[in-house]
Amino acid sequence: MNPDEILKFLRLTYTALSDGALLALIALALVLIYKATDVINFANGEFMLVGGYIGYQLLVWLQVIESPSVAVLLAVIGMVVATTLVGVLVERLVLRPLIGEPIISVIMVTIGLSNVMQAIVGLIWGKNPRPLPIDIIPRFSPFRIELEGARRPLNLLPDTLIILVIAFILVGGLLLFFSRSKHGIAMRATADDQQAAMSMGISIRFIFALTWSLAAIAAAVAGLIIAHVTNGVSGDIPGVGLRAFPVIILGGLDSIAGAIIGGFAIAFIETFASGYIDPGLKTVSPYLVLLIVLMIKPYGLFGQKRIERV
Amino acid sequence: MEFLSRFDRPYEAQRPPIHPLIIDKISLNFGGVRALNEISLRVDPSQIFAIIGPNGAGKTSLLNCINALYRPQEGRIMYGKVDLVKVPPHQLPRLGIARAFQNIELFSHMSVLDNLMLGRHIYMKKNLLQALLYWGAGQREEIEHRRFVEYVIDLLEIQGIRKAIVGSLSYGLQKRVELGRALSLNPTLILLDEPMAGMNTEEKEDMARYILDIREEWGITVVLIEHDMGVVMDISDQVAVLEFGRLIAVGKPEDVRSNPEVIRAYLGREHR
């Protein structure tokens with residue numbers, strides 16, 4: 001095999017891995033809400049947008065701090081707190097009045113919510129992209145891989161690796177929370193049967209607020225990572241959120257494992273299709289594969305066979 | 001020694017105090033329909049109290065009011081010093097009130113054990129880190145809850161299906177698991193909505209025996225709705241009869257059985 005080809009394969013794999021981790025994180029936010037409340041949150045991308053902009057604003061305010069790592073740490077903590085509040089507010093003001101209404105109404109409302117959130121972000125920060133004042137991940141010099149006979153060496157950015165680690169920690173943390181903690185188990189119980197959960201002493205409202213907050217945090221972190229990768233916050237962030245829909249449909253709407261595996265699968269399909277066949281295939285390829293998968297497994301690879309058709 | 005006595009009867013630890021249940025002139029309307037009309041009842045501690053009546057008489061509505069799922073427009077439901085009409089439904093287990101539903105409401109994708117362990121949810125204090133490490137206080141707590149659940153499993157004779165997924169079990173077993181889940185809350189008052197519906201004679205006898213055992217051993221109050229008159233008359237201390245949302249009789253089973261109004265409204269109609 002030609003050394004250039006080997007390097008190209010390595011480069012594509014490396015990109016796909018970090019992209020997949022990011023997609024898995026975004027998809028997880030969707031799955032979390034679907035599992036606990038049966039709602040498909042079409043405002044997920046806007047949660048990323050709002051989270052990204054809140055992170056940006058905090059960085060602007062905190063850049064006076066001498067040490068950039070302290071500033072970033074404080075900004076991230078502040079962003080988590082703020083997005084938790086956003087999650088609770090959305091649940092309280094928008095979704096709680098809809099308890100008992102058909103699920104399809106709630107889903108329509110999340111579409112409306114996405115427009116409102118975009119408009120609010122536009123009002124406060126305007127339409128122009130803004131670069132992050134401090135790098136949230138330090139820009140290390142790239143790894144250099146050289147192969148004998150290759151025309152150019154391969155440069156790999158360490159950022160990508162760090163993003164992968166962050167996504168893994170978050171996804172793993174949420175996974176453990178869901179499977180092991182008292183509230184995680186209460187969330188699963190709520191998803192299964194709300195009336196029974198209530199009779200077991202579980203507060204449905206608290207669980208819903210918790211779910212929306214966790215999803216908002218996951219989305220906000222994803223938004224900030226995208227801002228880092230694309231060199232700034234902009235109105236394009238929700239577009240990345242849309243890429244999570246094929247992920248959850250592929251993996252199964254209610255499967256956390258599906259979100260993770262689906263995230264990597266879609267990232268690999270996109271990257272390899274655009275790298276080896278045609279760059280234009282990047283957007284289309286996930287849907288092509290999705291069509292085939294849905295023909296064979298209509299509930300997704302890991303989904304339970306009880307999907308509401310909307 | 002303390003260790004032994006504590007686990008011989010695990011339900012004696014951590015249980016909220018038992019009270020009489022006093023239903024004071026409650027009325028419930030759905031739009032123009034009067035589902036319950038000025039019902040007053042008193043259920044003494046450790047009684048088995050049956051609510052009977054024809055379909056649509058308001059039996060389940062009454063249970064839902066006690067369970068805080070419905071809010072009666074008038075009246076009070078006192079359990080100790082607490083008016084259940086004003087309490088959010090998820091607080092009831094903390095007051096010692098548990099419920100098993102008519103149409104089974106189990107977490108059907110979870111195992112029997114997980115369903116029962118969820119009943120221990122309100123007593124769990126450990127944090128995520130302790131739960132993850134499964135060490136120290138976290139481990140001790142988990143073992144203690146598991147011991148309680150195992151006690152319930154023994155009592156209801158469901159040892160063999162501990163790990164089975166609830167959705168895969170027969171109807172009769174699911175009913176039993178739902179009773180077990182309610183018991184895992186360690187309640188002082190348990191509300192059973194048709195615990196024997198759809199069961200064969202043998203299963204009914206088992207269920208009646210469990211209900212008597214629970215009352216005998218745990219000393220808790222049982223309020224149940226049941227259509228099988230034989231069972232009701234056998235196991236209940238008190239029977240209340242509802243018809244069209246009104247209370248038409250209440251008393252000992254033999255008195256209710258001979259009450260002419262009841263015979264007309266309920267028993268008579270069935271045997272005509």
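This is a predicted model, so keep that in mind throughout. Start with the largest cavity. Its lining consists of Ala100(B), Phe101(B), Lys175(B), Glu178(B), Leu179(B), Leu192(B), Asp193(B), Pro195(B) and Met207(B). Two elements of chain B give two or more residues each to that lining: helix H7, 171-184, and strand E7, 189-193. H7(B) gives the most, with 3 residues. What is the lining by class? We get 6 nonpolar residues, no polar ones and 3 charged ones. The volume of this largest cavity is about 60 Å³. How many cavities reach 30 Å³ or more? The count is 4.

Next, the nonpolar cores. The largest has 151 residues. Which of them touch the most other members? Those are Leu179(B), Leu183(B), Ile190(B), Ile211(B) and Trp218(B). The element that gives the most to this core is in chain A: helix H8, residues 204-229, with 18 residues. You have already met Leu179(B), in the lining of the largest cavity.

Now zoom in on Leu183(B). Leaving out residues up to four places away in sequence, Leu183(B) touches Phe148(B), Val152(B), Leu155(B), Leu156(B), Ile190(B), Ile214(B), Trp218(B) and Ile220(B). There is also a second, separate core, of 30 residues. Among its members are Leu28(B), Leu63(B), Val87(B) and Leu242(B).

Over to chain A, and helix H10, residues 244-251. Is this helix mostly covered or mostly open? Mostly covered: 7 of its 8 residues are buried. The buried set is Ala244(A), Phe245(A), Pro246(A), Val247(A), Ile248(A), Leu250(A) and Gly251(A). What do they pack against? Four helices of chain A: H1 (3-37), H9 (237-242), H11 (256-277) and H12 (281-296).

Last stop, Met187(A). You will find Met187(A) in helix H6 of chain A, residues 182-192. Is Met187(A) buried or exposed? Its relative accessible area is 0%, so Met187(A) counts as buried; the cut-off is under 20%. What does Met187(A) touch, beyond residues up to four places away in sequence? The contacts are Leu32(A), Ala36(A), Phe177(A), Phe178(A), Ile207(A), Leu210(A), Thr211(A) and Leu214(A). One distance to finish. Met187(A) and Phe208(A) lie 21 residues apart in sequence, and 8.2 Å apart in space, C-alpha to C-alpha.

That's my set. Over to you.

Definitions and conventions:
Residues are numbered from 1 along each chain as its sequence is written. Chains are lettered from A and ligands numbered from 1 in the order in which they are written. This is a predicted model: local features need pLDDT of at least 70, side-chain atom pairs count only at pLDDT 80 or more; totals for chains, interfaces and linings use all residues. Side-chain values use heavy atoms; hydrogens and water are left out. Buried means under 20% relative accessible area, exposed over 50%, partly exposed in between (1.4 Å probe, protein chains only). Contact means heavy atoms within 4.5 Å. On a 1 Å grid over the protein atoms alone, a cavity is a set of points where a 1.4 Å probe fits but cannot get out, and a pocket is an open set with protein on both sides within 12 Å along at least five of seven lines; lining residues have an atom within 4 Å of a point. Grid points are joined across faces, edges and corners, and a volume is the space filled by probe spheres set on the points. Ala, Val, Leu, Ile, Met, Phe, Trp, Tyr, Cys and Pro count as nonpolar, Asp, Glu, Lys and Arg as charged, and the others, Gly among them, as polar. A nonpolar core is a set of buried Ala, Val, Leu, Ile, Met, Phe, Trp, Tyr and Cys residues joined through side-chain atoms within 4.5 Å.
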